[in-house]
Amino acid sequence: MTTALSARGLSKRYGKTTALDGVDLEVAEGELVGLLGPNGAGKSTLVKIACGLVGPTAGEAHVAGAPAGSRAARASTGYLAELFRFPSWASAGEVLALHQRLARSDGGAAERGALLERVGLTGEDGRRVGTMSKGMQQRLGIAQALIGAPRLVLLDEPTSALDPGGRRTVRDLLIGLREQGVGVLLNSHLLSEIELVCDRVVIIDGGRVVSEGRPQDLTAPGGVEVETSEGVRRLPDARREDVPRIVRELVAGGAEVYGVRVMTGTLEDAYLAAVVGRDG
Ligand SMILES: Nc1ncnc2c1ncn2[C@@H]1O[C@H](COP(=O)(O)OP(=O)(O)OP(=O)(O)O)[C@@H](O)[C@H]1O
Ligand SMILES: [Mg+2]
């Protein structure tokens, strides 16, 4: 299988600041990878290297087999920058048409219409950016990143301004991209979103990978809660395998069992454990 993104030993220094310090990261085709980390961890720097905007101090990155920044790599990459701004006087259609020219896409009006529909902006072709809400602009930004059917999509905090409905739209869109075999690197501070949609999570801190894995493997078991006639009892060290025994013993002891819940930690817990004490 070709990898959508492959980064090896990436380091980046800006003067005295080390933004990245030997990062290895892969995004397979059809894989959704969440990139997490505190402010200043190096997430945006990594994404900028992947799309060729920033050159690494050491190491290398490849997009769909081509060196990052090369014409072939750029043709395979879609990118939404954090804090992007489109000109307020341009219409949605004009913004997309400009980026079609930049991406050398010949998709024309059909591609623009399909992309606006995909991000929930159907029929907003003539709407000026200056009259759009933040969330609408963000949706337009995501549509822009999908021009030319890229093999790798890099989204730097694409849902920060979206309402819950907008987040659902983007989540469905990301699942659609996965089905089409597109690799997605999604940079976000919204851990519950990442947990819902990502196949794998990479946590970086101080320019290094401090944890990675599937969300369900990173989250720790959180004990078992049993509701009986005496109230709710928390058994913090119990696991799923212990549930039949726990219930048997309670029933044998004369208790009525109304409910049993196997608890798991959240991705937020796992994240905070991975970056704990390194903040600031
Ligand atoms: N152009 C630049 N010149 C100098 N330093 C920079 C530059 N870009 C980033 N840095 C520094 O590199 C480090 C990593 O920044 P980066 O933007 O990659 O972090 P981030 O993980 O995306 O943070 P955030 O969550 O705030 O977006 C920070 O210390 C930042 O100040
Ligand atoms: Mg950033």
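Below is a short exchange on a ligand shell, a sheet and a core in a predicted model.

The model is predicted: local features need pLDDT of at least 70, side-chain atom pairs count only at pLDDT 80 or more, and totals for chains, interfaces and linings use all residues. Residues are numbered from 1 along each chain as its sequence is written, while chains are lettered from A and ligands numbered from 1 in the order in which they are written.

User: Why is Val 262 called partly exposed?

Analyst: Val 262 has 15 C-beta neighbours inside 10 Å. Buried takes 20 or more other C-beta atoms within 10 Å, exposed takes 12 or fewer, and partly exposed is in between, with C-beta atoms placed from the backbone. So Val 262 counts as partly exposed.

User: What is Val 262 in contact with, leaving aside neighbours within four places in sequence?

Analyst: Val 224, Arg 240 and Val 243. Contact means that the C-beta atoms, placed from the backbone, lie within 7 Å. Val 262 and Ala 238 are 24 residues apart in sequence and 8.6 Å apart in space, C-alpha to C-alpha.

User: Which strand holds Val 262, and what makes its sheet open-ended?

Analyst: Val 262 lies in strand E13. Strands (E, at least two residues) and helices (H or I, at least four) are DSSP runs, numbered from the N terminus. The open sheet has the order E12-E11-E13, with antiparallel pairing. Its edge strands, E12 (231-235) and E13 (257-264), each pair on one side only. The twist averages 20° from one strand to the next.

User: How do you know that E11 and E13 pair?

Analyst: Pairing needs at least two DSSP bridges between two strands. E11 (residues 221-228) and E13 have six bridges, in the antiparallel sense. Glu 225 stands opposite Arg 261 in E13.

User: What lies across this sheet, and at what angle to E13?

Analyst: Helix H9 (residues 243-252) lies across E11, E12 and E13, at about 150° to E13. Axes are lines fitted to C-alpha atoms, for helices over the stretch in contact, and angles run from 0 to 180 degrees between N-to-C directions.

User: Which element gives the largest share of the shell around ligand 1?

Analyst: H1, with three residues. The shell takes residues whose C-beta atom, placed from the backbone, lies within 6 Å of the ligand. Among them are Tyr 14, Lys 43 and Glu 82.

User: Which residues touch the most other members of the largest nonpolar core?

Analyst: Ala 50, Val 184 and Leu 185, out of 64 residues. Such a core is a set of buried Ala, Val, Leu, Ile, Met, Phe, Trp, Tyr and Cys residues joined through C-beta atoms within 7 Å.

Note on methods. Two residues are in contact if their C-beta atoms, placed from the backbone, lie within 7 Å.
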